[in-house]
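Let's take a walk through a protein fold together. Have the 3D view open and follow along as we go.

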Amino acid sequence: MLVFLVGFMGCGKSSIGAALAKQLNCTFIDTDVLVEQQSGMSIANLFETHGEHFFRELEYNTLKNILNKQDCIVATGGGTPCFYDSAELMKNSGLCVYLRTDVSILYDRIKGDSMRPLLSADYAHFQRLYALREPCYNKFSKTLSTNNLTIVESVLQLKKMIFDESI
């Protein structure tokens with residue numbers, strides 16, 4: 001079993017993914033954390049020092065190294081499915097779930113977070129980026145709307161999706 005959680009920044013991929021992995025007694029992988037560990041730099045510093053293209057290549061190579069793992073819940077970066085053939089690779093390797101959260105909720109959760117290099121103080125820019133990425137998430141994933149769900153409720157819904165998928 002390999003489950004990829006995708007969605008926009010702030011939707012809960014990391015927190016929900018870690019809780020789900022604990023419930024299922026499997027490995028949790030956060031691709032952003034792996035990229036930081038492998039590069040020795042924060043994502044914000046990678047963007048600042050080397051640019052987005054360099055970061056996306058590291059992210060893509062990190063994803064490719066995960067594809068053969070078993071019994072893992074993977075929290076992807078918010079842009080991962082929108083670059084290269086990442087979406088297709090994930091779709092062909094496991095179950096992909098889009099944690100969909102309304103853009104206004106996401107913005108309220110993360111505004112002012114200086115560790116997110118693509119986060120602008122401008123709400124209109126944030127909305128545009130969300131609108132660009134959402135079709136990437138919808139194209140290949142099952143969707144779980146997390147607007148009104150707690151982490152525990154999200155985990156319960158994800159477990160139903162995972163085990164219904166494997167029947």
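Where does Cys11 lie? Cys11 sits in the loop between β1 and α1. Keep in mind that what you're looking at is a predicted model.

Is Cys11 buried or exposed? With 3% relative accessibility, Cys11 counts as buried, because the cut-off for that label is under 20%. Skip its neighbours within four places in sequence, and Cys11 is in contact with Val6, Ile16, Leu99, Thr101, Leu106, Arg109 and Thr146. Take Thr146 from that list: Cys11 and Thr146 are 135 residues apart in sequence, but 7.7 Å apart in space, going from C-alpha to C-alpha.

**The sheet**

Now for the strands. There are 5 strands in an open sheet, and their order is β2-β3-β1-β4-β5, with parallel pairing. The edges belong to β2 (27–30) and β5 (142–145); each has a single partner strand, so one side of each is left without a neighbour in the sheet. From one strand to the next, the twist averages 25°. What holds such strands side by side? Strands of a sheet pair through backbone hydrogen bonds.

Zoom in on β1 (residues 2–6) and β3 (residues 72–75), which pair in the parallel sense over 4 bridges. Here Leu2 stands opposite Cys72 in β3. Helix α7 (residues 123–140) packs on the sheet and touches β1, β4 (95–100) and β5. The direction of α7 makes about 145° with that of β4.

β3 also pairs with β2, again in the parallel sense and over 4 bridges. Look for Asp30: its bridge partner in β3 is Ala75.

Which way do the side chains of β3 point? Cys72 and Val74 point one way, while Ile73 and Ala75 point the other way, and all are buried.

Next, find helix α3 (residues 43–50) and helix α4 (residues 52–66). Their axes come within 7 Å and cross at roughly 130°. α3 and α4 are therefore oblique to each other. On the α3 side, the residues are Ile43, Leu46, Phe47 and His50, and they meet Glu52, Phe54, Phe55, Arg56 and Leu58 in α4. Sorted by class, this contact has 6 nonpolar, 1 polar and 2 charged residues.

**Aromatic rings**

How many aromatic pairs are there? The count comes to 7. A pair of aromatic rings is described by the distance of the centres and the angle of the planes. Here are two of the pairs:

| Ring pair | Distance of centres | Angle of planes | Kind |
|---|---|---|---|
| Phe47 and Phe55 | 5.1 Å | 40° | tilted |
| Tyr98 and Tyr137 | 4.9 Å | 40° | tilted |

Why are these called tilted? Planes under 30 degrees apart would count as stacked and planes over 60 as edge-to-face, so the rest are tilted.

**Two residues with a positive phi**

Finally, a backbone detail. Most residues other than glycine have a negative phi. Asn25 isn't a glycine, yet has a positive phi of about 55°. Asn25 is found in the loop between α1 (13–24) and β2, and counts as exposed at 73% relative accessibility.

Tyr84 has a positive phi too, near 55°, and is likewise a residue other than glycine. Look for Tyr84 in the loop between β3 and α5 (86–93). Is Tyr84 buried, partly exposed or exposed? Tyr84 is partly exposed, with a relative accessible area of 44%.

Technical notes
Residues numbered from 1 in each chain as written. Predicted model: local features only at pLDDT ≥ 70, side-chain atom pairs only at ≥ 80, totals over all residues. Heavy atoms only, no water. Pairing = 2+ DSSP bridges. Axes fitted to C-alpha atoms, helices over the stretch in contact; angles between N-to-C directions. Contact = heavy atoms within 4.5 Å. Buried < 20%, exposed > 50% of the residue type's maximum accessible area, 1.4 Å probe, protein only. Phe/Tyr/Trp six-rings, centres within 6.5 Å; stacked < 30°, edge-to-face > 60°. Parallel < 35°, antiparallel > 145°, perpendicular 65-115°, else oblique. Nonpolar A, V, L, I, M, F, W, Y, C, P; charged D, E, K, R; others polar.
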